[in-house]
Amino acid sequence: MEKGLLYPIINQYRSDQKLDGLWNFKFDPAAEGESQGWQKGFNNGIKMPVPASFNDFFTDKDAREYTGDFWYSKEFFVPKYYEGQEIQIRFGAATHRAVVYVNGQEIRSHEGGFLPFTAEVTNTVKFGEKNIVSVKINNELHRDALPAGDTATLKNGKKMAKPFFDFYNYSGLNRSVHLLAVPKNGIYDYSTTYEISDHEAIVHYSVNADTDGDFKVSLTDENGNVVATSTGKDGDLTVKNPTLWNVRDAYLYTIRFELIDNGKPVDEYGDQIGLRTIEIKGHQILVNHKSVYLRGFGRHEDSIYAGRGFDMNVERRDVNLMKWIGANSFRSSHYPYDEQVYKFADREGILVIDEVPAVGFKMAAASFLGGLDQSFFDGDWIHDLYKKHIDQVTDLIKRDKNHPSVLAWSLLNEPDTSKKSAVPYFEKLFKDSANLDPEKRPRTFTLNEDDTIDVSKCLRFPDFYLLNRYPGWYHKWGYEISDGEAGLRAELDEWKKSDIDKPIVFSEYGADTEPGLHKLPSIMWSEEYQIELLEMFDRVFDSYDFIRGEQPWNLADFQTVEGNMRVNGNKKGIFTRDRQPKAAAFYLRKRWNKLPLDW
Ligand SMILES: CCC[C@@H]1NC[C@@H](O)[C@H](O)[C@H]1C(=O)O
């Protein structure tokens with residue numbers, strides 16, 4: 001669990017030097033790195049781009065599929081004038097677990113491949129000289145880790161990832177690495193909550209620093225006008241006639257905290273925030289007390305060459321695609337995305353369901369492993385898994401709590417909740433996470449295909465429901481799709497008859513579609529069939545007023561394990577992997593652009 005996860009900024013007190021670029025890289029199948037001194041750096045590796053996954057750069061299968069320990073190392077210079085400050089190396093993500101060394105000294109380890117962590121190196125670096133950072137990363141999958149899976153050892157002794165989930169196990173330093181110089185005992189966290197009325201907004205803030213100093217706090221509008229000020233560690237900023245942050249109509253204020261110690265300003269942290277409230281009321285999802293209907297996608301951080309490495313160019317294109325098609329939301333399926341993704345969403349007024357990598361918690365997983373015929377939550381790995389799970393929920397909320405775009409927290413994707421053994425795990429998870437978000441935004445998880453209203457034992461936990469349903473693809477497919485529609489309607493009639501008065505969002509539905517495959521009449525995998533399946537779901541959605549969102553799977557085609565059910569990855573994208581439209585994109589654009597943007 002990290003103390004603070006503020007995004008790096010540069011000002012008169014704070015420096016941020018990105019260590020992105022080419023690092024030395026090598027695999028360590030014999031786990032000999034430490035004994036060979038790689039923690040002090042090495043030059044006999046290959047040059048590896050950071051941020052990026054290592055996998056798709058390679059031309060040989062052993063390297064692409066490599067599972068086990070591997071090392072990155074880079075020389076970096078610490079300027080003399082950094083002396084007197086706290087020196088940190090901040091990793092945006094190291095997938096899935098890392099040990100950090102500086103100048104040969106072990107600094108820290110970290111578990112979890114999709115959230116940032118910071119190595120505090122003040123007493124280890126040499127000021128005014130070159131230094132070496134080395135990172136040993138391991139990308140094995142385990143049932144007691146997130147995302148869940150196994151690591152097999154083949155007869156030839158090589159290890160192989162066996163995911164219980166349907167995305168490729170891209171690994172490496174997938175996000176930027178920052179060398180930071182910040183004030184000692186400076187600001188390390190802040191949070192805000194909001195009260196909105198017709199002509200006034202109140203920002204309740206709290207700011208954290210390792211000193212008893214005082215704080216000067218200000219709020220400025222997009223023109224740089226100071227609209228409110230306050231003092232103290234906790235306080236209120238009252239804005240008359242505020243411009244609210246709305247769906248697809250964003251407005252960002254800048255909050256600024258100045259830390260004063262013994263009468264002298266010693267640190268400052270500024271960030272962009274949006275004045276808005278989120279509520280669930282009956283079957284409605286409300287933003288600023290107004291009902292919202294979610295239109296958007298499940299996504300993946302996935303692109304050609306860099307794999308899961310964050311690529312600003314891809315994100316810019318994806319946001320433009322979502323605006324073009326008339327989307328107002330997405331889920332960060334199935335893991336926290338790079339912080340810059342949420343900044344894009346903040347600026348564009350796009351709502352985010354923010355998800356931790358608690359995926360694959362179901363043995364007969366969609367990755368066609370067949371798996372064991374037992375409930376995942378009966379496993380003896382559950383205790384160790386839970387510690388990692390709540391740790392990553394805690395850090396996800398600590399990292400993303402101040403983004404106006406974050407609508408809700410998704411604590412799992414498609415867990416097996418059909419057995420009673422899941423209940424204690426969920427009870428603890430929803431209890432332990434209840435107070436992590438100062439704004440108390442809704443918490444949920446996606447209900448997989450089998451977890452219907454009369455099967456799932458965990459329906460009392462989520463604040464609203466995310467349904468992943470695949471009639472027309474994984475069952476009742478092709479010419480049988482009419483039975484698929486009947487079955488879907490029958491299930492929703494059960495929901496309607498029940499006393500459940502929470503919103504339902506369809507968070508996954510779709511058909512694998514080969515771009516360019518056309519058939520009249522349609523057949524599965526054709527572009528025509530993908531539209532017919534969407535039309536079926538849309539007919540159903542339009543029949544039930546407690547359905548408050550539609551997020552087809554997926555925005556774009558993406559890479560998975562190879563298998564007899566995957567054709568170079570999952571093809572359920574509405575767009576291709578190189579972000580070009582299939583025919584379904586024009587169908588959805590027509591449907592979604594008929595609706596008001598903030599409806
Ligand atoms: C029936 C489960 C469907 C499954 N849901 C989780 C996603 O990560 C997969 O990609 C999707 C699929 O198989 O297309």
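**The ligand site and beyond**

Modeller: Start with tyrosine 474: one of its polar side-chain atoms sits 2.6 Å from an oxygen atom of the ligand. That is a polar contact (a pair of N or O atoms within 3.5 Å; within protein, one must be able to donate a hydrogen and the other to accept it, and residues adjacent in sequence count only if both atoms are side-chain atoms). Lysine 572 also places a polar side-chain atom 2.6 Å from a ligand oxygen. For tryptophan 553, an N or O atom of the side chain is 2.9 Å from an oxygen atom of the ligand. The protein buries 92% of the 360 Å² that the ligand exposes when taken alone. Those areas are accessible areas from the Shrake-Rupley method with a 1.4 Å probe.

This is a predicted model, where local features need pLDDT of at least 70, side-chain atom pairs need pLDDT 80 or more, and totals for chains, interfaces and linings use all residues. Numbering runs from 1 along each chain as its sequence is written, and side-chain values use heavy atoms, without hydrogens or water.

Now the whole shell. The ligand is surrounded by 13 residues, each with a heavy atom within 4 Å of it. The closest are Asp166, His334, Tyr474, Glu508 and Lys572. By class, the shell holds five nonpolar, three polar and five charged residues. Here Ala, Val, Leu, Ile, Met, Phe, Trp, Tyr, Cys and Pro count as nonpolar, Asp, Glu, Lys and Arg as charged, and the others, Gly among them, as polar.

Next, the helices. Helix α7 (residues 527-541) packs on helix α8 (residues 583-593) at about 25°, with the axes 8 Å apart. Axes are lines fitted to C-alpha atoms over the stretch in contact, and angles run from 0 to 180 degrees between N-to-C directions. The two, α7 and α8, are therefore roughly parallel (an angle under 35 degrees). Helices α4 (residues 382-400) and α5 (residues 422-432) also pack at about 25°, with axes 11 Å apart. So α4 is roughly parallel to α5.

Last, the backbone. Most residues other than glycine have a negative phi, and most peptide bonds are trans. Alanine 31 has a positive phi, near 50°. Alanine 31 lies in the loop between β2 (21-27) and β3 (46-50). Threonine 95 and histidine 96 are joined by a cis peptide bond, with omega about 10°. Histidine 96 belongs to the loop between β5 (86-91) and β6 (97-102). Another cis bond links leucine 146 to proline 147, with omega about -5°.

Conventions:
Helix = DSSP H or I, 4+ residues; strand = E, 2+ residues; numbered from the N terminus. Parallel < 35°, antiparallel > 145°, perpendicular 65-115°, else oblique.
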